[in-house]
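Dear colleague,

Please find below the structure I am handing over to you. My notes on it come after the model itself.

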Amino acid sequence: MTGTQQPVPGVVAPAPAGWHNPLRDKRDKRMPRIAGPCGVVIFGVTGDLARKKLMPAIYDLANRGLLPPSFSLVGFARRDWADEDFGKIVYDAVKQHARTPFRQEVWDRLAEGIRFVCGSFDDDGAFTRLAETLEKLDVERGTGGNHAFYLSIPPKAFPQVCEQLKQSGLARPQEGRWSRVVIEKPFGHDLDSAIELNALVNSVFPEESVFRIDHYLGKETVQNILALRFANELYEPIWNSHYVDSVQITMAEDIGLGGRAGYYDGIGAARDVIQNHLLQLLALTAMEEPVSFHPREVRAEKIKVLSATSLAQPLDLTTSRGQYTTGWQGGEKVVGLLDEEGFSKDSTTETFAAITLEVDTRRWAGVPFYLRTGKRLGRRVTEIALVFKRAPHLPFDATMTEELGQNALVIRVQPDEGITLRFGSKVPGSAMEVRDVNMDFSYGSAFAEDSPEAYERLILDVLLGEPSLFPGNAEVELSWEILDPVLDYWAAHGKPDPYESGTWGPESAFEMLQRSGREWRRP
């Protein structure tokens, strides 16, 4: 323990790197873990992600007592700022976007460790100054030579920054210290580029030091999938093809893409969401029970599922892509993609994507997994729905059950986090009439504590060296291996189908399910 680090009351204090305390294993596992001496360097501090998510999340962690007093935050950008200027940027971001209440004493302690380094990615001298700044912080703040480098920058800049970190000696720390790199999606744009990117990053940082951020995996409801499945005997026996008819995973947004052409045009909905968020949700939903919740074991089960997953054929009948047109959204007339700023009139970028997947395992054989995502849809919602088979025999007249649908278990990831169980119940009255009803669990009403913002959990896990919620090389490459064939097919077959803003996608998406007698849920 350094001279500046003090234990946080009621919290398990961090052990020095490499040291194992046998008594710690007997402590209450529910006790929160705080990070040991360390610092975070953010590349791209002038961007929206840093301002709206990263800086507020770091403050919220400090406010909850989960960062050590010796923590440091270093910004790197081309702006001609002094430390105080950057401190004001962080302060404004915290005041505007932090989830927890502002406390002056917490801010004052955090501000003592804030530094800024001016420079560009091709400036060798700037990285030398960065190394010197971190060395001074190790002495002045007691950060212990432990640093996480957050690359909140365009993917094309990853190689240059990684190489600079290598040349300046920051990527390979001394014995007993650690250096970790945090990478935002997208992880490549196809399988070949993902393999190339992984090889490049691993030539600088060992794989155990690489953290690929998928913020959806930090959401409380997503983590609750494992608790729901493996802590309850109620659900696991029916979590298979004997009872489940289909699985629908939806991420819908009601916003358009005005101002985002530079990132989104040429990328599209499938690369932006299905390759990472939705395939990770599929893996957590379909995986077998791991031997333990050690990161290695959880990753192994996800890799097994993704290895057994493939696109249903033929692709012209089992996939759909669309592009939003002019329509009404929330009582407001909105323009179509081709009229959004920055998009060309002949853009073929899809804003809606739906695919049908098959998981060729004993548990899931014969159960279609439908994944869809889109912009300018009916409402903002992300959910995983297990739609169950109909009862083999209903001892009711058809008129008694005409309003009865299929049972469903729905995990609501956002915005109203919780779980809904849909089943049939008798309508009060003298007649026998069965209708769908919902049984709801809501995080907001069941727990007094607010759920942490996803980036809080993920940043803390980086500092703790806990990789459970971060996809590894194999998961990234398998996801592209699944998705690449449909991307190639779409590229060779014309334009996306149009759909009106405010609706639930193109007609081809509905036909995709209707061919098998199914239909999309209306969230």
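The notes below go through domains, sheet, core, annotated positions and backbone details.

The model is predicted: local features need pLDDT of at least 70 and side-chain atom pairs count only at pLDDT 80 or more, while totals for chains, interfaces and linings use all residues. Residues are numbered from 1 along each chain as its sequence is written, and side-chain values use heavy atoms, with hydrogens and water left out.

Domains

The domain assignment of the chain gives domain 1 (39–184) and domain 2 (217–515); such bounds come from an automatic or database assignment. The C-alpha centres of the two domains lie 34 Å apart. Across the boundary, 19 residues of domain 1 are in contact with 12 residues of domain 2, where contact means heavy atoms within 4.5 Å.

The parallel sheet

Six strands form an open sheet in the order β3-β2-β1-β4-β5-β6, with parallel pairing. Its edges are β3 (114–118) and β6 (210–213); each has a single partner strand, so one side of each is left without a neighbour in the sheet. Neighbouring strands of this sheet are turned by 20° against each other on average, direction ignored. For these terms, helices (H or I, at least four residues) and strands (E, at least two) are DSSP runs numbered from the N terminus, and two strands pair if DSSP finds at least two bridges between them. Axes are lines fitted to C-alpha atoms, for helices over the stretch in contact, and angles run from 0 to 180 degrees between N-to-C directions.

Strand β2 (residues 72–77) pairs with β3 in the parallel sense over 5 bridges. Within this pair, Val74 stands opposite Arg115 and Ala77 opposite Cys118. Helix α4 (residues 124–140) packs on the sheet, where it touches β1 (39–43), β2, β3 and β4 (147–151), and its direction makes about 165° with that of β3. Although β3 is an edge strand, 4 of its 5 residues are buried, so β3 is largely enclosed by the rest of the structure. Here buried means under 20% relative accessible area, exposed over 50% and partly exposed in between (1.4 Å probe, protein chains only).

The nonpolar core

The largest nonpolar core has 145 residues, and those with the most contacts inside it are Phe43, Leu130, Phe369, Leu371 and Leu463. Helix α9 (residues 268–286) supplies the largest share of this core, 11 residues. The core draws at least three residues from each of domain 1 and domain 2. A nonpolar core is a set of buried Ala, Val, Leu, Ile, Met, Phe, Trp, Tyr and Cys residues joined through side-chain atoms within 4.5 Å. Leu130 touches Val41, Phe43, Val74, Phe76, Val117 and Leu170, residues up to four places away in sequence not being counted.

Annotated positions

An unreviewed UniProt entry places the feature "active site" at His277, and its "binding site" annotation covers His215, Lys219, Glu253, Asp272 and Lys375. UniProt positions are given in the numbering used here, feature names are shortened, and annotations may be inferred rather than shown by experiment.

His277 lies in helix α9 and is buried, with a relative accessible area of 3%. Leaving aside neighbours within four places in sequence, His277 is in contact with Lys185, Asp214, His215, Tyr216, Met251 and Asp272. Asp272 is also placed in helix α9 and is buried at a relative accessible area of 5%. With residues up to four places away again left out, Asp272 touches Lys185, Tyr263, Tyr264, Ile267, His277 and Lys375.

Hairpin and backbone details

Strands β15 (residues 408–414) and β16 (residues 418–426) run antiparallel and are joined by 5 bridges. A hairpin of 3 residues connects β15 to β16, and Leu409 stands opposite Leu421 in β16. The loop between these strands holds Pro415, which is joined to Gln414 by a cis peptide bond with omega of about 0°.

Another cis peptide bond joins Gln313 and Pro314, with omega of about -5°. Pro314 lies in the loop between β8 (309–311) and α11 (315–318). Arg376 has a positive phi of about 55° although it is not a glycine. Arg376 sits in the loop between β13 (368–374) and β14 (381–388) and is buried, with a relative accessible area of 14%.

With kind regards
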